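Here is a walk through a predicted model. Keep the viewer open and follow the chains as they come up.

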Amino acid sequence: MAKNKTFEEKMKELEEKVTLLESGEVGLEESIGIITRAAAIIKELEKELDDTEGKLKLLDLKTDEITPLSEDEA
Amino acid sequence: METYSVSQITKKISCLISADTTLSGVAIEGEVSNCTLHSSGHLYFSLKDEKAKINCIMFSRDVRNIDFLPEAGMHIIAYGRVMLYEKTSTCQLQATVLISSGMGILHEKYNRLLKQLEAQGYFDKEVKKPLPTYIKKVAVITSPTGAVIHDIINTIRRRNPTVQIILCPAAVQGSAASGELAERIARINRHNLADVIILARGGGSLEELWPFNEKELADAVYASTLPVISAVGHETDFTISDFVADVRAATPTAAAELVSFPLEHYLAHLSAQRLRIAQATTLRIEAYRQRLKVLKRPAALTQMLAKNITGHRSNLTTLRKQLAKTAETMLIMHRMQLANLQIRLEANDVSSTLAKGYALVKIKDKLLQNKEQAALHEPIDVIFDTFRLKAEIVEIKGETYGEKQNI
């Protein structure tokens, strides 16, 4: 399972799989594999959308690192 | 030595100044410092350069004619009469006309650069990059203090708290600003730190917004491989970075909205995908169930054969006929065999009897078995097992064997 796919790529893969299922052109056994993968992608995406931790960062001009920032920065 | 009164001296100075033709109608260029508009409508300000300063006043009747309000730091040209305010012995310029010289120069620079970059294709639609559909990381280049960054953060948080915001502080006015802003853009691109860049700054004068009109920044925005959203000044301010950027947002809040797709929409989309999968699956399973149902019923199977039944029927009739014929044939055959066997059986019986010494008596080729067949003087054949005799009947008598013997 390609976990390092971007959010955008996962959304696209999901759409492809669902469209394939709807077309009815796939055999029953293969369909089960596709459904399993699609459900896994949905779960991964929902998890990403659930993650709101540490969303404010500061670019450290000296080190080029992104460091977390608390609410009261400015 | 002659002594003068203060008034006399100030009067003398005043006359000297008034007599000077230059000073009676002069245009002075300088930087404005501490400008105040009095309630009377008169404008009080100072003009200065590196070495000196002169006070200025503009009467309300002339103030009405100017199309801008002088601000500290502005470079302007003030035209009027220099005279001595005798009460305090201060020189002042009574200005009747104000021209924003700094503004004029900057405007010219702006228009020139605008034309130049447009000709070079900096503003072409084809070069502009579309924003990614799903934005997870946003780099914001702006002043770390002030309302702008807070507005952006709050707007993004409200709409989609999963979007990561990376603050890249930079000066947004002053001579060093355009260099810093350009550097930030380059740096973010170099390390691919975000999906999109927001260049933001609040409202201000042309001079204050000037860094966003510099070619250095325009080049950096043009060269950026990551999409750049320019949100500089008020809605009515258009800086060169606005034109070069991939997207221009009228305000920083608008920029924040562009990068934060409402979370509910994503979640609703995923729910919709789930529903589609469920529905597609249900349809498939139903279809298979129906097929199974059909195959399970024998009547259905018969129906499937219905087309061939006429053909089968005629075949069956032919086979039946053939069978009947065969049966008949076989029956005849069996009868014959049976008859044959009977004959053989009978023959066997006779042979063994004859072997015992008995003889068969035939008359006219028929077996003589009763008295009525016999007639006097008829020839008879007497057949023994190995020979036969021809004889003639000389006597006929009805007599049961055994009676005479008394057995």
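Which strand of chain B does β1(A) join, and how do the two run? The partner is β7(B), residues 164-169. The two strands run parallel, and three bridges join them. To find the pairing on screen, look for L58(A): its bridge partner in β7(B) is L167(B).

Seven strands form an open sheet, in the order β2(A)-β1(A)-β7(B)-β6(B)-β8(B)-β9(B)-β10(B). The pairing in this sheet is mixed. Its edge strands are β2 (66-68) of chain A and β10 (247-248) of chain B, each of which pairs on one side only. Strands of a sheet pair through backbone hydrogen bonds, in either a parallel or an antiparallel way. Move on from β7(B) to β6(B), residues 137-142. Six bridges join β6(B) and β7(B), and these strands run parallel. Here V138(B) stands opposite I165(B) of β7(B).

Now take chain A by itself. Chain A has 74 residues, and buried residues make up 30% of them. It holds two helices and two strands. Read from the N terminus, the order of elements is α-α-β-β. Take the contacts in chain A between residues at least 6 apart in sequence: 38% of these join residues at least 24 apart.

Next comes the interface. Chain A brings 38 residues to the contact, and chain B brings 37. The area buried between the two chains is about 3,400 Å². Carbon and sulfur atoms give 62% of that area. On the chain A side, L49(A), K55(A) and L59(A) lose the most area to chain B. Together these three account for 18% of what that side buries.

Polar links also cross between the chains. The count is 13 residue pairs in polar contact between chain A and chain B. Three elements of chain A each supply at least two residues of the side that touches chain B: α1 (7-23), α2 (28-50) and β1 (56-59). By class, that side has 19 nonpolar, six polar and 13 charged residues.

How many salt bridges does the rule find across the interface of chain A and chain B? It finds four. One salt bridge to look at is between the side chains of E22(A) and R276(B), with N to O at 2.8 Å. Over all chains, the structure holds 18 salt bridges. E22(A) lies in helix α1 of chain A and R276(B) in helix α11 (residues 263-296) of chain B, so the pair joins two chains. E22(A) is partly exposed, with a relative accessible area of 39%.

Other salt bridges lie within chain B. R184(B) forms one with E180(B), and their closest N and O atoms are 3.7 Å apart. Both residues sit in helix α6 (residues 177-191) of chain B. They are four residues apart, about one turn of the helix. Is R184(B) buried or exposed? R184(B) counts as buried, because its relative accessibility is 6% and the cut-off for buried is under 20%. E180(B) is partly exposed, at 28% relative accessible area.

Chain B also has an open sheet of four strands, in the order β12-β11-β13-β14. The pairing in this sheet is antiparallel. β12 (366-367) and β14 (388-392) stand at the edges, each with a single partner strand, so one side of each is left without a neighbour in the sheet. Five bridges join β13(B), residues 379-383, to β14(B), and these strands run antiparallel. The bridge partner of I383(B) in β14(B) is R388(B).

K390(B) and D381(B) form a salt bridge, with the closest N and O atoms 3.5 Å apart. K390(B) is exposed, at 70% relative accessible area, whereas D381(B) is buried, at 16%. Elsewhere, salt bridges that share partners join K10(A), E44(A), E48(A) and K136(B) into one network.

Finish at a loop. E235(B) is found between β9 (228-232) and α9 (240-244) of chain B. It is exposed, with a relative accessible area of 54%. Leaving aside neighbours within four places in sequence, E235(B) is in contact with R248(B), A250(B) and T251(B). E235(B) and P252(B) are 17 residues apart in sequence, and their C-alpha atoms are 9.9 Å apart in space.

Conventions:
Residues are numbered from 1 along each chain as its sequence is written. Chains are lettered from A and ligands numbered from 1 in the order in which they are written. This is a predicted model: local features need pLDDT of at least 70, side-chain atom pairs count only at pLDDT 80 or more; totals for chains, interfaces and linings use all residues. Side-chain values use heavy atoms; hydrogens and water are left out. Contact means heavy atoms within 4.5 Å. Buried area is the accessible area (1.4 Å probe) that two parts lose on being put together, summed over both. A polar contact is a pair of N or O atoms within 3.5 Å; within protein, one must be able to donate a hydrogen and the other to accept it, and residues adjacent in sequence count only if both atoms are side-chain atoms. Ala, Val, Leu, Ile, Met, Phe, Trp, Tyr, Cys and Pro count as nonpolar, Asp, Glu, Lys and Arg as charged, and the others, Gly among them, as polar. Two strands pair if DSSP finds at least two bridges between them. Buried means under 20% relative accessible area, exposed over 50%, partly exposed in between (1.4 Å probe, protein chains only).
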